[in-house]
Amino acid sequence: MIQAKNIHKYYGDLHVLKGVDVHIKKGEIVSIVGASGAGKTTLLQILGTLDFIENKAESKLIINNTLVTGLTEKQLAQFRNTHIGFIFQFHQLLPEFTALENVCIPAFIKGTSKSEAETRAKELLDFLGLSHRYNHKPSELSGGEQQRVAVARALVNNPELIFADEPSGNLDSESAENLHNLFFKLRDQFGQTFVIVTHNEELANLADRKLTMIDGKIV
Ligand SMILES: Nc1ncnc2c1ncn2[C@@H]1O[C@H](COP(=O)(O)OP(=O)(O)OP(=O)(O)O)[C@@H](O)[C@H]1O
Ligand SMILES: [Mg+2]
């Protein structure tokens, strides 16, 4: 699903990623752990095509058999919208839209019809135990509910690949456990691939594989 080779990233003089190689198979749940500042979020953003790779010519990023380092900006945006879902530490829902609308937005961007998008969004919200919250705005939802809406939004286009950055970082332990169980349920049911950055040791150890980052490298 993901083949990344020799990934480098600099912020000014700061060499943040120092030649990262990663291979992730379809349907795998991989966790990434490591100290604060090790480069986990930076790596996730790059693997998720949200950030660009330095020295592209000497690096390679293949996702789902597509050489993403060879795509134009426009192709990349389309590729991301179709194949990749993101769950951020802070849900980043749009405050003026309802839960249902927030979940539908990536589907609208993809060009899905309103009725089709809403059907899919409701299916996901129901699956996530939010059938009674379609019309609530983020500010009217609990933190755990907001996070589940963000999960539904990440899944609405059926992406093969989901990146999550500290998805349970601001949840209580019960909501965190429910969310973690959900990832495994989704993988088993839909065969999706998950890459999860986490400081939650339990979640990290539940993964099929745990990668540790130290100082810009996977060790
Ligand atoms: N936009 C930026 N400009 C300059 N430096 C940055 C920028 N983003 C991140 N850094 C630096 O890059 C390093 C890696 O940051 P990154 O966010 O990837 O760490 P992390 O492993 O996700 O840490 P945490 O566990 O605290 O989230 C840090 O030293 C950080 O200060
Ligand atoms: Mg981070």
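Helix α1 gives the most to the shell around ligand 1, with three residues, where helices (H or I, at least four residues) and strands (E, at least two) are DSSP runs numbered from the N terminus. Before I go on, please keep in mind that this is a predicted model, in which local features need pLDDT of at least 70 and side-chain atom pairs count only at pLDDT 80 or more, while totals for chains, interfaces and linings use all residues. Residues are numbered from 1 along each chain as its sequence is written, chains are lettered from A and ligands numbered from 1 in the order in which they are written, and side-chain values use heavy atoms, with hydrogens and water left out.

Let me stay with the ligand for a moment. Of the 13 residues around ligand 1, those that come nearest are S36, G37, K40, T41 and T42, and a residue is near a molecule or strand if one of its heavy atoms lies within 4 Å of it. Both β2, which covers residues 14–24, and α1, which covers 40–47, supply at least two residues of this shell each. Sorted by class, the shell has five nonpolar, six polar and two charged residues; here Ala, Val, Leu, Ile, Met, Phe, Trp, Tyr, Cys and Pro count as nonpolar, Asp, Glu, Lys and Arg as charged, and the others, Gly among them, as polar.

Which atoms of the protein lie 2.5 Å, 2.9 Å and 3.2 Å from an oxygen atom of ligand 1? At 2.5 Å we find a polar side-chain atom of S36, at 2.9 Å a polar side-chain atom of H199, and at 3.2 Å a backbone N or O atom of A38. Taken alone, ligand 1 exposes 640 Å², and the protein buries 58% of that; such accessible areas come from the Shrake-Rupley method with a 1.4 Å probe, and for residues only the protein chains shown count as cover.

I now turn to the rings. The structure holds four aromatic pairs, and by this we mean that rings of Phe, Tyr and Trp (its six-membered ring) pair if their centres lie within 6.5 Å, with planes under 30 degrees apart counted as stacked, over 60 as edge-to-face and the rest as tilted. One of these pairs is formed by F86 and F163, which are stacked at 5.9 Å centre to centre, with 20 degrees between the planes. Because F86 lies in strand β6 (residues 84–87) and F163 in strand β7 (residues 161–165), this pair ties together parts that are 77 residues apart in sequence. Both F86 and F163 are buried, and in our wording buried means under 20% relative accessible area, exposed over 50%, and partly exposed in between (1.4 Å probe, protein chains only).

Another pair, F127 with F190, is edge-to-face, with 6.3 Å centre to centre and 70 degrees between the planes. Distant parts of the chain are linked here, since F127 sits in helix α4 (residues 114–127) and F190 in helix α6 (residues 173–190), 63 residues apart. F127 counts as partly exposed at 26% relative accessibility, and F190 counts as partly exposed at 40%. Ring pairs also link F86, F88 and F163 into a cluster.

Some rings have a charge over them, which we count if NZ of Lys or CZ of Arg is within 6 Å of the ring centre and within 35 degrees of the ring normal. The charged end of K185 sits over the ring of F127, 4.8 Å from its centre, and K9 lies over the face of F52, at 3.7 Å from the ring centre.

Finally, a few loop residues. Most residues other than glycine have a negative phi. E166, however, has a positive phi of about 50 degrees although it is not a glycine, and its place is in the loop between β7 and α6. Is E166 buried or exposed? With a relative accessible area of 15%, E166 is buried.

D215 is also a residue other than glycine with a positive phi, near 45 degrees, and D215 lies in the loop between β9 (209–214) and β10 (217–218). At 52% relative accessibility, D215 counts as exposed.

In the loop between α4 and α5 (143–155) we find K137, which is partly exposed with a relative accessible area of 33%. S139 is found in the loop between α4 and α5 as well, and at 69% relative accessibility S139 counts as exposed. S139 and L94 are 45 residues apart in sequence and 9.9 Å apart in space, C-alpha to C-alpha.

Definitions and conventions: A polar contact is a pair of N or O atoms within 3.5 Å; within protein, one must be able to donate a hydrogen and the other to accept it, and residues adjacent in sequence count only if both atoms are side-chain atoms.
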